[in-house]
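Visitor: I am new to this structure, and I would like to learn how to read it with some care. Could you take me through it feature by feature?

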Amino acid sequence: MFRKKKHVAPKATYREVWTKGSIATKLSFILMGSNALANKQWVKGIALLLSEIIFIVWFIFSGISALSMLVTLGSNKSKKVVYDASQGVYVTKQPSNSVLILLFGILAIILCLAIVYLYIINLRSTRKNYILKRDGKHIPTNKEEIASLFDTRLHSTLMAVPLIGILFFTILPTVFMISMAFTNYDRQHPIAFSWTGFQAFGNVLSGDLAGTFFPVLGWTLVWAVMATATTFFFGVLLALLIESKGIKHKGFWRTIFIIVWAVPQFVSLLMMAQFLDYQGALNTILMNIGMIAHPIHFIDNQASPLVARITVIIVNMWIGIPVSMLVSTAIIQNLPTDQIEAAKIDGANAVQIFRSITFPQILFVMAPSLIQQFIGNINNFNVIFLLTGGAPMNNNYNGAGSTDLLVTWLYNLTFGQEQRYNASAVLGILIFIISAVFSLLAYRHTNAFKEG
Amino acid sequence: MKSYTNQKRLSLIFRYVLLILLAIIWILPIIWIILASFSYNNTGFVSTFWPEKFTLQNYVGIFTNPQYPIGNWIINTLVVSTLSMIISTFLTISVAYVLSRLRFAFRKPFMQIALVLGMFPGFMSMIALYYILKGLNMLNLGGLLLVYVGGAGLGFYVAKGFFDTIPRSIDEAAEIDGATRWQIFTHIGLPLSKPMIVYTALTAFIAPWTDFIFSGIILSTSGNAKNYTIAYGLYNMVHNAKGNATQYFAQFVAGCVVIAIPITILFIFMQKFYVNGITAGADKG
């Protein structure tokens with residue numbers, strides 16, 4: 001950026017600020033914002049001071065207990081009947097609600113980190129004011145401080161609200177779920193649960209869920225590869241077909257395919273499930289034209305796993321090829337044509353041109369987004385959940401069917417009969433690791449592309 | 001020479017036949033959905049392609065069925081999606097603009113954190129969100145709005161790619177002329193990014209119409225069907241329809257068609273921006 005060569009003010013250590021600063025400056029180390037107030041930066045000073053007061057009040061009245069309960073997740077683990085001496089009666093003591101304890105504990109940690117961050121901001125601004133004063137320079141007034149929020153510090157103004165949103169609706173839940181993987185929160189411990197370390201990971205990787213995890217993981221990877229490869233390959237072919245010479249009304253043809261993609265998935269997939277049903281329209285059509293004598297179980301519970309899996313991949317092609325076609329069309333239109341013309345002069349036929357020139361060129365441009373699609377397919381909840389719901393059920397599996405992916409299994413473990421919240425958190429972490437590994441590979445791969 | 005033109009014509013005919021065949025395969029299920037919405041049927045199944053008897057009763061029924069207040073669902077969804085569209089668009093565009101045009105210490109770490117957070121499956125945090133909203137006593141449409149808006153800051157990729165293509169020299173010229181960065185943002189950045197704002201707004205607007213999972217988890221506890229959004233309402237309906245109230249299945253299809261038409265049109269309108277977003281990301285690797 002052209003602003004980078006700014007004049008760098010002579011530094012001062014915090015020790016110097018502490019020893020040589022005025023009383024207000026010294027006070028800033030304990031009472032946030034006092035230096036700003038002394039320099040008449042009212043808004044900043046009052047904001048800092050207020051947040052410190054609120055934090056301390058909160059910390060004394062609920063922060064300490066929230067943090068200390070985080071260690072045990074609540075001392076009362078089961079419903080007990082205890083004798084209350086003061087009233088002289090037996091009372092039932094409900095188990096402590098570990099979910100809320102965990103949630104408030106994490107919230108408390110986040111608030112503590114926030115106040116540390118504010119404290120650092122406070123110290124920095126104190127040092128800055130000290131240096132300006134020491135060097136006899138102009139200290140920004142209250143007005144200038146506010147104006148800078150819309151100029152040199154515009155980024156903090158614009159980012160403030162989104163960051164708070166991310167903190168509470170993405171980071172807090174994610175941290176909460178990661179910590180849940182280290183507890184025994186399941187059907188046996190639905191209210192009060194405790195820390196159990198890596199036990200839940202053990203259950204998934206080598207315990208009673210391992211017999212489900214590895215087959216489901218295998219199918220998830222097969223599915224992701226098949227789904228990505230088929231939609232990409234046939235999407236490119238379809239785009240080439242529509243873009244080929246002599247085809248008129250290209251926009252019209254494209255729109256026909258796009259409609260399938262544009263219809264909300266909960267409509268198109270739920271109806272597709274009906275269409276493919278044992279008593280559904282497809283079986284009726286096939287029987288009427290005499291292709292089959294008996295209806296086929298495509299995706300219901302009596303279907304064979306192989307048929308169901310193939311059906312799911314084919315239906316995904318129906319949903320996914322239009323998008324892929326759309327994207328490849330944009331790329332095809334921008335491809336350099338000189339190589340293709342040279343190949344034509346050399347007598348190459350259409351298949352040779354496609355195999356040796358067009359396809360590699362598209363693959364090259366699309367490589368990063370293919371990896372994104374691959375990760376998207378690992379997490380492709382809608383297609384499986386709406387189409388098959390995991391069916392056909394597999395008796396060897398624990399809470400999953402033959403077409404269930406890791407994400408749909410995760411969903412079943414949480415919201416289905418199983419209620420193994422800790423196991424689903426573990427699955428979430430494992431899915432994260434898988435996605436991260438592939439992204440990292442893709443990142444290195446594309447970097448290699450760039451250098452090559 | 002004649003054989004050459006013949007061959008060409010043959011190839012064109014072959015390609016047309018193939019294209020028509022594919023188009024029919026693709027559009028057939030969609031046509032079937034529309035036909036099914038007109039079919040007279042009380043079995044919970046539409047087992048024929050061409051309805052035996054046409055009726056408009058499903059469309060009348062879906063809007064008058066007291067068990068499934070679709071009018072409320074549409075109003076609820078409209079309110080949530082409009083508010084979500086306004087707020088999310090503002091948040092997403094702000095973040096994308098800041099990350100693309102301004103340089104500050106937290107920029108790189110933020111983008112890396114966003115990347116990492118994006119890799120966690122969204123479902124994982126649903127239980128936590130449920131308890132957060134329960135704690136705030138917000139298991140209602142307001143809470144749903146918060147969930148949609150809360151993650152808006154992370155959906156900056158496409159818009160950032162767009163801002164990256166606007167030449168920097170425009171900003172620099174304005175800065176030399178004494179404009180503050182806020183003025184550059186409001187007077188140069190925003191007007192130049194109108195297509196991107198439209199795209200972001202449409203994406204945010206469509207999301208509540210198609211989301212049946214989050215809305216289901218957050219709204220189902222109230223048990224009051226009047227509070228549902230359209231996607232969860234319809235999804236819930238077909239699940240009931242599968243079980244006992246099979247006569248409503250055709251009404252469900254009619255409701256789906258009513259909702260799918262505007263969304264489909266919006267999507268077709270959006271496709272160009274979508275492609276630009278994907279390919280812009282692809283170019284940079």
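Visitor: Over which residues of chain B does pLDDT stay under 50?

Guide: In this predicted model, pLDDT is the predictor's confidence in each residue, from 0 to 100, and it stays under 50 over residues 281-285 of chain B. For that stretch the model has 12 contacts beyond four places in sequence, where two residues are in contact if their C-beta atoms, placed from the backbone, lie within 7 Å. Chain B averages a pLDDT of 84, and 91% of the residues score at least 70.

Visitor: In which helix of chain B is confidence lowest, and in which is it highest?

Guide: Helices (H or I, at least four residues) and strands (E, at least two) are DSSP runs, numbered from the N terminus. Within chain B, helix 13 has the lowest confidence, at a mean of 75, and helix 3 has the highest, at 93. The model as a whole scores ipTM 0.85 and pTM 0.86.

Visitor: How should I take the numbering and the confidence limits?

Guide: Residues are numbered from 1 along each chain as its sequence is written, while chains are lettered from A and ligands numbered from 1 in the order in which they are written. As this is a predicted model, local features need pLDDT of at least 70 and side-chain atom pairs count only at pLDDT 80 or more, whereas totals for chains, interfaces and linings use all residues.

Visitor: How many residues does each chain bring to the contact between chain B and chain A?

Guide: Chain B brings 71 residues and chain A brings 79 residues. On the side of chain B that touches chain A, helix 13 of chain B gives the most, with 14 residues. By class, that side of chain B holds 52 nonpolar, 15 polar and four charged residues, where Ala, Val, Leu, Ile, Met, Phe, Trp, Tyr, Cys and Pro count as nonpolar, Asp, Glu, Lys and Arg as charged, and the others, Gly among them, as polar.

Visitor: Which residues of chain B does UniProt annotate as "transmembrane region"?

Guide: UniProt positions are given in the numbering used here, with feature names shortened, and annotations may be inferred rather than shown by experiment. The unreviewed UniProt entry gives this annotation to several spans of chain B, including 12-35 and 73-98. In the model, residues 12-35 of chain B are 100% helix and 0% strand, with end C-alpha atoms 33 Å apart, and residues 73-98 of chain B are likewise 100% helix and 0% strand, with their end C-alpha atoms 36 Å apart.

Visitor: Which spans carry that annotation in chain A?

Guide: Among those listed by UniProt, again from an unreviewed entry, are residues 158-182 and 306-332 of chain A. Residues 158-182 of chain A are 92% helix and 0% strand, and 36 Å separates the end C-alpha atoms, while residues 306-332 of chain A are 100% helix and 0% strand, with 35 Å between the end C-alpha atoms.

Visitor: How do strand 1 and strand 2 of chain A pair?

Guide: Two strands pair if DSSP finds at least two bridges between them. Strand 1 (residues 80-84) of chain A and strand 2 (residues 89-93) of chain A pair in the antiparallel sense over five bridges. A:V81 stands opposite A:T92, and A:K80 has A:K93 as its bridge partner. The two strands form a hairpin with four residues between them, and A:G88 in the turn has a positive phi of about 75°.

Visitor: Why does strand 2 of chain A lie largely in the open?

Guide: A residue is buried if 20 or more other C-beta atoms lie within 10 Å of its own, exposed if 12 or fewer, and partly exposed in between, with C-beta atoms placed from the backbone. Strand 2 of chain A lies largely in the open because the number buried among its five residues is zero.
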